[in-house]
Amino acid sequence: MLRHPLCMKGAAVMEWLLDIQGLEKSFPGVKALKGVSLQVKEGEVHALMGENGAGKSTLIKVLTGIYQKDAGTIWFDGQSIDAKSPIEANRKGISTIYQELNLSPFQTVYENLFLGREPRTKIGSIDRKEMVAEASRILDDLEVHIDVTRPLGQYSTAIQQMVAVARAISTNTKLVIMDEPTSSLDAKEVKVLFKVIRKLKSQGISVIFISHKLDEIFEICERLTVLKDGQYVGAYDIKDLDQLKLISLMVGRETGERERKKAEYNLEQAKELMRADNIRRGMRLNGVGITIKEGEVVGLAGLLGSGRSELAQVLFGANQPDQGQVFWYGEPARIRKPADAITRGIGFCTEDRKVEGIIPNLSVKENITIALLPKLNKFGFVKTREQDKIVSSYIDKLRIKTPSAEQPIVNLSGGNQQKVLLARWMCIEPKLIIMDEPTRGIDVGAKAEIEQLIQEFSKAGISVLMISSEIAELVRNCDRILVLRDGKKKGELTGADINQDKIMETIAHSSEHEEA
Amino acid sequence: MEKMNGLQIIKKYSSVTLLLVLVLLNAIFTPSFFNLNNLNNIITQICPVILCGMGMTLVISTGGIDISVGSVMALAGVLTARLMPQTGLYPAVLCALLAAVLVGGLAGFMVGKLRLQAMVVTLGLMLAVRGAAQVLCDGRDIYFNKLGKVGEQLALWGTYKIGGAVPVQIIPIVLAAAVIWIIAEKTVLGHQIQAVGDNYKSSALAGINTARTMIIVYCMSAFFAAFAGIFQAAKIAVAAGSSLGQLAELDAIAAVVIGGTPMSGGKARVIGTVIGALIMQMITLTCVMNDIPSQYAQVLKAIILIFAVFIQREKRK
Amino acid sequence: MKIAKKIYHSFYSKSTILAFLLLIITSGIIFADRNFMSVANIFNILLKASKNGGYIALGMTFVILCGEIDLSAGAVLAISGVVMGLVGQVNPYLGIAAGLLTGVITGMLIGLMVTKMRISSWIASLAMLFALRGMISIIAKKSVTVSGSAMTFANAKVLKGWLPGMNSGISIMIPLFFLLVFICMYIGRYTKFGMNIYAVGGNGEAARMMGINTDRTKIIAFIASGFLAAFSGVLLASSSGSATLSAGNTYETYAIAMCAIGGIKLSGGVGKFSGTFFGILIYFIINTIFTYLPTSISVHWQSIVMGLLVLISVGVQTEVFGKVKFKKIREQTD
């Protein structure tokens with residue numbers, strides 16, 4: 001067993017509980033981690049930050065044994081570790097509390113706490129009485145007073161998280177990794193969570209806190225590490241930072257900005273196409289409003305969890321709002337399901353094309369025309385000639401690289417898949433195309449092509465609603481940008497205000513200066 | 001793009017290969033294999049499997065399953081036999097079809113709209129419908145020769161030979177296969193069915209009415225099962241509420257699976273199902289012709305089923 | 001509305017028992033003149049349950065709780081009886097062992113196909129059903145006679161003179177059945193294996209993350225199912241003196257129905273063995289009720305009732321914990 005170099009020198013104190021250096025991890029086609037470091041002290045609450053695709057999730061998965069590292073070192077608690085599975089990581093003292101909890105929903109709270117290591121009675125049977133008593137004790141210690149004999153799934157996410165934390169504590173964990181723990185919690189529940197985290201701290205247990213909520217990071221964490229595009233940006237003390245600085249570290253500036261688009265015509269005169277007022281939905285949307293004019297390219301900026309995708313889904317009818325009204329050409333509109341949106345001429349390129357976009361084993365041809373089928377319908381039969389014509393024209397126009405239109409879409413590269421999805425919505429002759437992270441996971445060439453397309457849409461009078469985590473992208477393409485944060489609109493930027501600094505400033509703006 | 005190596009080609013055409021191998025083996029080793037009698041036997045016996053299999057292909061390609069088809073066969077057979085002395089043959093058949101479609105509609109509603117598990121829903125229906133069939137015939141088999149003229153009419157559906165040589169069952173077989181093939185390949189509905197099975201979420205977001213698609217699919221399955229039941233009853237000239245269609249769903253599922261339609265949903269391989277049914281039939285025939293007891297055939301069928309699924313899994317990885 | 005939902009949910013888990021009680025009381029009243037509630041009748045029902053598929057429902061519970069299914073149970077019942085009869089001709093004890101072993105082997109095979117070859121349990125157990133039904137006819141041409149001590153044991157009567165109205169005692173099959181029900185209940189609640197089954201069925205990925213060997217758990221569940229089916233087959237053949245080739249036909253279907261009615265969620269992770277027990281009883285009570293009804297009402301309404309009960313119980317088994325999703329970690333993105 002290797003010992004940490006610091007130890008060998010007879011140093012009085014081990015400086016880091018966790019010391020990751022130069023971590024590298026690649027997958028076919030993409031290098032997710034390009035030499036990343038992470039250092040956490042004992043009893044420290046440490047934030048891990050970065051936008052989508054920055055590598056946070058990969059880093060954690062390597063640490064906890066879900067993936068195996070390609071290069072780099074991981075020192076934990078004085079030993080070099082290379083966990084081959086999460087269970088092994090658990091045994092070494094690292095626990096993870098996932099966003100989508102990995103517990104057994106139908107079993108009771110106390111069963112969940114002890115799953116895999118149930119206490120036994122003298123005759124060898126499972127000692128349920130002991131389990132109940134011990135579970136109550138542990139949770140009461142955390143000041144979570146619940147009936148441990150009820151199924152876990154009946155409790156709110158907040159409580160379930162507490163149970164996960166309790167399980168971690170009871171397995172003698174030294175490091176708890178929390179992945180977006182507050183994404184489904186309300187303010188009160190967050191306070192309770194923080195109390196628990198402070199308790200962990202007092203017991204010498206370290207916490208790695210992954211979150212996008214800047215307020216929370218500043219409240220509970222002492223140090224943080226920032227990743228960007230798989231690279232290590234740096235580690236900082238919280239007291240040395242403010243929100244604006246942090247955002248710019250995460251999102252940063254792109255060198256070689258392309259020229260910003262010029263508005264083709266006076267947008268003041270354009271007709272209102274779609275409007276949503278005071279949309280509320282659970283905890284994700286808290287009274288957001290948006291207006292989209294004909295031919296406009298509107299951008300939605302904000303960090304993850306700000307409610308951008310949720311708003312888009314409401315506009316498309318994929319989700320129903322609890323409150324609020326949507327207007328189409330000024331008239332109140334009931335968009336209850338995607339088909340309603342599609343008939344009006346709204347298309348939606350989803351955020352996760354693998355799960356909600358492509359129909360993997362069907363051909364490129366099928367994927368392009370799937371939403372158009374009702375119109376390609378002749379006595380129930382597909383008008384194949386017309387279908388083929390449409391398909392080949394889009395393959396040409398968008399320069400989709402595929403051996404043939406019959407190729408299953410799953411065989412295409414990410415960029416080409418995205419183009420196929422775009423073609424799907426283009427062929428319904430849309431008035432509005434919503435794009436959620438349209439250039440994610442796409443090569444530079446395809447990226448430029450898609451941005452060019454967006455310009456062409458606008459020229460042709462088709463509106464575009466664009467959601468992107470890449471602020472530079474929004475700056476380049478949009479006529480107007482809405483900034484969302486925590487489900488509310490923080491600001492609306494037009495004209496000269498559309499630049500990276502102003503956007504980041506608006507996101508970082510404290511809550512007192514909200515706009516309606 | 002990707003070139004297929006030898007192994008992949010075998011995997012892709014595995015079912016056809018298997019069929020050819022079976023035919024070849026028989027051609028060489030079995031005396032008098034290619035006589036008319038055999039062919040006729042194949043046609044008459046494969047009829048219910050293909051009919052149910054056609055409906056089952058579509059159901060499985062939506063990612064579902066329908067284990068009630070055997071019971072629906074019984075219901076349709078019994079209903080027709082019971083009604084036809086009063087109403088005449090064709091109205092009776094119509095009623096049977098209607099009843100079947102109602103059953104299918106219920107299944108489709110529960111699976112498509114209420115999003116309940118297909119296996120459980122069709123299990124419940126399997127029990128209830130079989131019970132209904134037996135209630136309708138009072139637990140006694142209905143013999144056609146006791147039903148007079150109308151009974152003879154229906155029996156003809158089972159025994160008539162076109163041109164004195166080809167069994168009448170060839171008509172429903174070819175029709176069913178053709179109709180389902182056309183639906184799957186050429187119609188909007190067929191494309192939507194396969195999309196829903198391949199990726200439910202993406203299909204819903206592309207505007208497809210997934211609930212309606214499911215309802216239609218299960219109705220069709222029941223519709224074809226009804227025909228299977230009527231033809232089968234006609235063949236043996238008995239409508240037996242208890243035994244008609246017994247285990248038919250298993251044969252149908254096996255045919256579909258061997259034929260290559262993925263159980264998780266997706267591309268509907270109609271011709272594959274036909275080949276699958278033929279393979280199963282060939283195994284039986286091979287055993288019969290070579291005096292191998294049919295039980296060995298059954299064991300062989302089981303092994304081939306496992307094998308086929310296993311290869312399919314490898315293919316999809 | 002929320003209050004209504006709360007009351008509904010707290011009753012739901014006990015609804016099987018409620019349904020059962022309702023059934024007993026109603027039929028007791030309706031058929032009071034014909035001694036429905038008599039001791040003799042009760043034991044009659046229990047005897048039928050123990051002979052005709054009660055064990056299969058118990059075994060099926062193990063498998064369904066894991067999120068799988070075993071369609072071969074009825075065939076296992078038949079073939080173990082036959083194996084026992086054949087081997088029993090050499091040595092009766094060896095025969096019993098062989099019969100039980102058959103069930104263990106078939107269960108293990110299905111378990112391996114499901115876990116290692118990743119074949120759906122529907123197909124794997126279906127194929128096993130085909131294969132076994134075929135093999136039965138290969139190894140035996142007609143019913144095999146069973147004789148010897150097994151037969152005496154199975155036909156024994158116990159508790160002579162203990163119970164009112166049952167002076168000649170009740171069949172040993174009944175206490176044996178209860179014994180196994182209790183063993184299963186114990187396993188489900190007080191053993192590690194039991195905990196693991198519920199974990200695997202509820203959220204397989206989570207179970208694996210918590211260190212549970214999901215493959216092994218499933219294999220053992222299939223072995224349990226096979227064993228219980230074999231147990232049933234051996235008992236049945238012993239008590240009747242002959243092992244019929246077509247025994248157990250469609251038993252698995254009814255077993256699944258009994259489980260569904262008993263509150264065992266078919267997607268896994270939910271349900272108790274006590275629930276299955278009540279599901280079994282409900283079925284056989286309905287079965288018996290039909291023998292009491294005038295013969296003008298066909299006995300086959302039974303199947304209709306059972307089918308409807310299955311549909312109702314599954315319709316009611318909607319997701320109680322709606323919002324919380326438990327996806328696989330590996331699919332999580334940044």
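Student: How much of chain C counts as buried?
Tutor: In this predicted model, 52% of the 334 residues of chain C count as buried, where buried means that 20 or more other C-beta atoms lie within 10 Å of a residue's own, exposed means 12 or fewer, and partly exposed is in between, with C-beta atoms placed from the backbone. Local features need pLDDT of at least 70 and side-chain atom pairs count only at pLDDT 80 or more, while totals for chains, interfaces and linings use all residues; residues are numbered from 1 along each chain as its sequence is written, and chains are lettered from A in the order in which they are written.

Student: And how many helices and strands are there in chain C?
Tutor: Chain C has 14 helices and four strands, taken as DSSP runs numbered from the N terminus (H or I, at least four residues, for helices; E, at least two, for strands).

Student: Switching to the nonpolar core, which residues touch the most other members?
Tutor: In the largest nonpolar core, which has 368 residues, they are A:I434, B:I50, B:V72, B:L75, B:A100, B:L305 and C:V310; such a core is a set of buried Ala, Val, Leu, Ile, Met, Phe, Trp, Tyr and Cys residues joined through C-beta atoms within 7 Å. Helix α11 of chain B, residues 210-236, gives the largest share of this core, with 18 residues.

Student: What does B:I50 touch?
Tutor: Leaving out residues up to four places away in sequence, B:I50 touches B:I173, B:A176, B:A177, B:V274 and B:A277, a contact being two C-beta atoms, placed from the backbone, that lie within 7 Å.

Student: How many residues of chain B are in contact with chain A?
Tutor: On the chain B side there are 21, in contact with 24 residues of chain A. The largest share of that side of chain B, seven residues, comes from α9(B).

Student: Now chain A: how do β11 and β12 run?
Tutor: Strands β11 (residues 272-281) and β12 (residues 285-293) of chain A run antiparallel and are joined by seven bridges, two strands being paired if DSSP finds at least two bridges between them. Within this pairing, A:R280 stands opposite A:N286 in β12(A), and in the hairpin, with three residues between the strands, A:G282 takes a positive phi near 55°.

Student: What else does β11(A) join?
Tutor: Five bridges join β11(A) to β14 of chain A, residues 323-328, again antiparallel, and A:R275 has A:F327 as its bridge partner in β14(A).
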